Amino acid sequence: MIYFDDVSKEYPTSGVVLEGITLGIEPKEFVSIVGPSGAGKTTILKLLLTEERPTTGQVLFESIDVNSLRNEEVNRYRRRIGMVFQDFRLIPDKTAYENIAFAMEAAGRGDEEIAADVPHVLDLVDLGNKMWNFPHELSGGEKQRVAIARAIINQPDIIIADEPTGNLDPVNTNDVIQILKKVNDLGTTVILTTHNKGVVDILKRRVITLDQGRIVRDDRKGTYTV
Amino acid sequence: MFITKVKRILRAGFISFWRNSFVSLASILIMTVTLSVIGLLVFGSAVLNTSLSVLRDKVDINVYFVTGAGEKDILSLRGAIEALPEVKNVEYVSRDESLAIFRTRHEGDQLTLQALDELGGNPLGAVLNIKAKETSQYESIAKFLEGKNALSNGGSQIIDKVNYYQNKTAIDKLSAIISSSRSLGLGIILFFSLISIVITFNTIRLVIYNSREEISVMRLVGASTRYIRGPFVVSGVMYGIVAGFLTLIIFYPLLLWLGPKLSDFFSGFSLLSYYGHHFIEIFLIIMGTGVILGAVSSYLAVRRYLKV
């Protein structure tokens, strides 16, 4: 489904960030990418999202080079990926309902569908009573759950979670990981970057370890060893 | 689906305008200043044009006829002059009227009136007062009159004097002033309008700078360019509309207070009355400028942050 073909990324100011990355991710996999700060974890996700272009190599999604996509094709591609970030990235002047509805509107869904699905998905992440709250009125854990709800609302092929538990306490961390596991069990590919040892060890899924821009380990049922 | 998208964009723009009221207010205030400058320049232009017309109207050529010139010949000459394309109008002052005007003008000057009485009869000839459409056209009218002076009443010339050449310097200077004032006036209007527009554009750019992360999130979620940009343009248009209304409302008491003070200075021109008579045009200029400025500023400002 996803294939990084000898990908390298170099920035003019900070030098080589990724070097010779070759990896494949199958549908329905749950992959954790671990490594110290600056290892290149977020860069891999940015390359997949076409936020950045590789210096060399190709990033393929269903055998198509994602960097050859144009404008509207890029938008359509991004709608097949749900994103969850460490800093939540909710739109501050929209309520929880509106943040999720926006993702559906962007995908061209109708008003009746939105009115039916959004409350349902908010219930799924246990935020049914916080529909009309703004992000600044929610706790960190609640914000992340809204973000996950937004990520899954369009039934994407992949969920990308970049340090989703980085700003959360252990209880909320566990809640978020359980939700991601549930989502994966329902058939969505999940790619998670983290440097939380506890999270990785609990999951007992595939672990790709990065160090200084290179893949140093790729375990099918790995633990956090950096 | 298209109508749904448009409805959503309009709704999102309106909600954003409302929810970010503090930021909206700042943008509206700046835009009101800009539109007020443009409005004042519209009025300034009207005042200038009126003043220049009044000045222009004071200039004319006077053709003094000999006392023996027959009225028939004078009126025939008048017809010929009126037929010239550069002539606006020609006023005929008969010998009797010239005398009456002279007596009125020198009412307090007994010595002059006594001298006039001693002369006996009417020493004054008839006069034609000629007004041209443009001050630059008096020269050609004067040349025409020179040519026409060859016309005679039984062999003698009927024109005694044409006062153009005595006033030529003043007329030429006035023509130059009028021409320069027009160019300068236009230049000033454009200059201040441009500065105001740039200030408004930068203000809206700052407002949208605040939303740059929001825009990047929308991009990552897969929203199209139009769907991201639309609500910002709608908000920009709303700033323009509200600022336009505020400007038009502010002008009324301002002109009520300023009008009478300027009326004497600008030869009786009433700003308030001009505002009333030309309200539709002024409304369209102010509102149109506000809407276009708001929309274009937002459109260009968002473009910068859409490149994700």
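## Confidence

The structure is a predicted model. The predictor gives the complex an ipTM of 0.75 and a pTM of 0.72. For chain B, the mean pLDDT is 82. In that chain, 93% of the residues reach 70 or more.

## A buried strand in chain A

Start with strand S3 of chain A, residues 30–34. Is this strand enclosed or open? A residue counts as buried if 20 or more other C-beta atoms lie within 10 Å of its own. In S3(A), 5 of the 5 residues are buried, so the strand is largely enclosed by the rest of the structure.

In a regular strand the side chains alternate between the two faces of the sheet. Both faces of S3(A) are covered. On one side sit Phe30(A), Ser32(A) and Val34(A), and on the other Val31(A) and Ile33(A). Each of these residues is buried.

## The partners of S3(A)

Which strands pair with S3(A)? One is strand S8 of chain A, residues 189–194. It runs parallel to S3(A), and 5 bridges join the two. Within S8(A), Ile191(A) is the bridge partner of Val31(A).

Strand S9 of chain A, residues 206–211, is another partner. This pairing is also parallel, with 4 bridges. Here Val31(A) stands opposite Arg206(A), and Val34(A) stands opposite Thr209(A).

## Where chain A meets chain B

The chains touch through 17 residues of chain A and 15 residues of chain B. On the chain A side, two helices give two or more residues: H2 (71–78) and H3 (96–106). H3(A) gives the most, with 4 residues. By type, the chain A side divides into 7 nonpolar, 2 polar and 8 charged residues.

## Domains of chain B

The domain assignment of chain B gives domain 1 and domain 2. Domain 1 is made of two segments, 2–55 and 174–305. Domain 2 covers 67–157. How far apart do the C-alpha centres of the two domains lie? They are 53 Å apart.

Notes: Residues are numbered from 1 along each chain as its sequence is written. Chains are lettered from A and ligands numbered from 1 in the order in which they are written. This is a predicted model: local features need pLDDT of at least 70, side-chain atom pairs count only at pLDDT 80 or more; totals for chains, interfaces and linings use all residues. A residue is buried if 20 or more other C-beta atoms lie within 10 Å of its own, exposed if 12 or fewer, and partly exposed in between; C-beta atoms are placed from the backbone. Two strands pair if DSSP finds at least two bridges between them. Two residues are in contact if their C-beta atoms, placed from the backbone, lie within 7 Å. Ala, Val, Leu, Ile, Met, Phe, Trp, Tyr, Cys and Pro count as nonpolar, Asp, Glu, Lys and Arg as charged, and the others, Gly among them, as polar. pLDDT is the predictor's confidence in each residue, from 0 to 100. Domain bounds come from an automatic or database domain assignment.
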